[in-house]
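Visitor: I have a structure open and would like to go through it with you. Can we start with the surface and then move on to the sheets?

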Amino acid sequence: MAKILLLEDDTSLNRGISLKLEKEGYEVLSAFRISQAEEMFRENEVSLIISDITMEEGDGLEFCRNIRRVSGVRLIFLTALDQEVDIVNGYDAGADDYITKPFSLMVLISKVNALMRRIGQEQDDHGQFSSAASIFSRDIRVQCREMRVYKGEDELLLSKKEMQLLLYFLEYPKQIISKEQILEAVWDIDAQFVDDNTVPVTISRLKKRIAGEEDYEYIKNVRGLGYLWTAEVSKK
């Protein structure tokens with residue numbers, strides 16, 4: 001049974017979400033403080049974290065950053081902070097998804113189920129590169145078996161969504177890919193459940209991660225059509 005760590009300091013909301021997730025067949029670890037959530041994470045094999053951001057004891061963004069230093073576990077922010085800058089900060093901290101309050105429990109469950117399906121598919125997703133030890137594009141290098149990304153000699157720490165997005169671009173270099181194609185390939189979920197800004201925000205984060213100091217643009221926005229990986233790609 002997959003374990004979900006829920007960090008929410010509102011007792012009633014925590015209980016309501018926990019009961020719904022348990023009815024869906026998940027084991028829920030309920031935490032009301034960041035220190036409690038960190039202890040639960042250390043002591044359990046967690047598949048997904050659902051976390052508030054604004055809490056009396058501390059900052060959910062910093063909690064997410066600390067988790068990202070040691071783990072690539074899936075993480076969803078569930079918060080009342082709904083400004084664009086808040087959403088960008090959430091994704092920059094390493095979140096896989098961002099849901100604003102008030103929210104629909106059905107939408108939350110749909111997103112949780114979709115993320116869990118992605119976890120089950122990851123081995124297959126990585127398997128498409130099994131014949132190659134590495135993928136190269138200019139000074140970007142992906143070590144396929146270890147799923148590590150380097151720019152020159154420096155390792156880039158990407159979130160799972162950023163990694164999946166990068167691999168998708170590298171599979172189809174110099175081809176225009178629409179927003180809808182990216183949603184289907186990377187998020188594997190109906191567009192109605194994904195915020196309109198999700199794709200451009202994630203692409204913007206990825207572009208910043210791989211840009212460095214040079215002027216070369218790896219990912220180009222083709223107005224009205226989609227996005228394009230501009231560099232040649234080779235596999236060895």
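Predicted model: local features only at pLDDT ≥ 70, side-chain atom pairs only at ≥ 80, totals over all residues.

Visitor: Of the contacts between residues at least 6 apart in sequence, what percentage join residues at least 24 apart?
Guide: That is 61%.

Visitor: On to the sheets. What is the strand order in the open sheet of five strands?
Guide: The order is β2-β1-β3-β4-β5, and the pairing is parallel. β2 (27-31) and β5 (97-100) are at the edges with a single partner strand each, so one side of each has no neighbour in the sheet. From one strand to the next, the twist averages 20°.

Visitor: How many bridges join β1 to β2?
Guide: Five bridges join β2 to strand β1, residues 3-7. One place to look is L5, which stands opposite L29 in β2.

Visitor: Which strands does helix α2 lie across?
Guide: Helix α2 (residues 34-43) lies across β1, β2 and β3 (48-51). The angle between α2 and β2 is about 145°.

Visitor: Next, the loop between α4 and β5. Which residue lies there?
Guide: G94 lies in that loop, with α4 covering 84-93.

Visitor: Is G94 buried or exposed?
Guide: G94 has 5% relative accessibility. The cut-off for buried is under 20%, so G94 counts as buried.

Visitor: What is G94 in contact with, leaving aside neighbours within four places in sequence?
Guide: The contacts of G94 are then C64, R68 and S159. R65 is 29 residues away from G94 along the chain, yet their C-alpha atoms are separated by 6.6 Å.

Visitor: R68 is on that list. Where is R68 placed?
Guide: R68 is in helix α3, residues 60-70. The R68 side chain reaches the backbone oxygen of S71 at 3.1 Å.

Visitor: And what is R68 in contact with beyond four places in sequence?
Guide: R68 is in contact with V73, R74, L75, A93, G94 and D96.

Visitor: Changing topic: how do strands β6 and β7 pair?
Guide: Strand β6 (residues 134-137) and strand β7 (residues 140-143) are antiparallel, with four bridges. I135 has V142 in β7 as its bridge partner. The two strands form a hairpin with two residues between them, and R138 in the turn has a positive phi of about 50°.

Visitor: How many bridges join β7 to β8?
Guide: There are four, and β7 runs antiparallel to strand β8, residues 148-151. V142 stands opposite V149 in β8, while V142 is also the bridge partner of I135. The hairpin of β7 and β8 has four residues between the strands, and M147 takes a positive phi near 50° there.

Visitor: What is the order in the open sheet of three strands?
Guide: The order is β10-β12-β11, with antiparallel pairing. β10 (176-177) and β11 are the edge strands, each with a single partner strand, so one side of each lacks a neighbour in the sheet.

Visitor: Which residues pair up in this sheet, for instance opposite I219?
Guide: I219 stands opposite W229 in β12. β11 (residues 219-222) and β12 (residues 226-229) pair over four bridges. β10 and β12 pair over two bridges, and there I177 has Y227 as its bridge partner.

Visitor: What about the turn between β11 and β12, and its phi?
Guide: β11 and β12 form a hairpin with three residues between them. G224 in the turn has a positive phi of about 80°.

Visitor: Which helix lies across β10, β11 and β12?
Guide: That is helix α6 (residues 160-171), which runs at about 70° to β12.

Visitor: Last one: what span should helix α8 have?
Guide: Helix α8 has 14 residues, 198-211, and at 1.5 Å a residue should span 20 Å. Its end C-alpha atoms are 20 Å apart, which agrees. Buried residues in α8 include T198, V201, I203, L206 and I210.

Key
Residues numbered from 1 in each chain as written. Heavy atoms only, no water. Polar contact = N/O pair within 3.5 Å; in protein donor to acceptor, adjacent residues only side chain to side chain. Contact = heavy atoms within 4.5 Å. Pairing = 2+ DSSP bridges. Axes fitted to C-alpha atoms, helices over the stretch in contact; angles between N-to-C directions. Buried < 20%, exposed > 50% of the residue type's maximum accessible area, 1.4 Å probe, protein only. Expected span 1.5 Å × (residues − 1).
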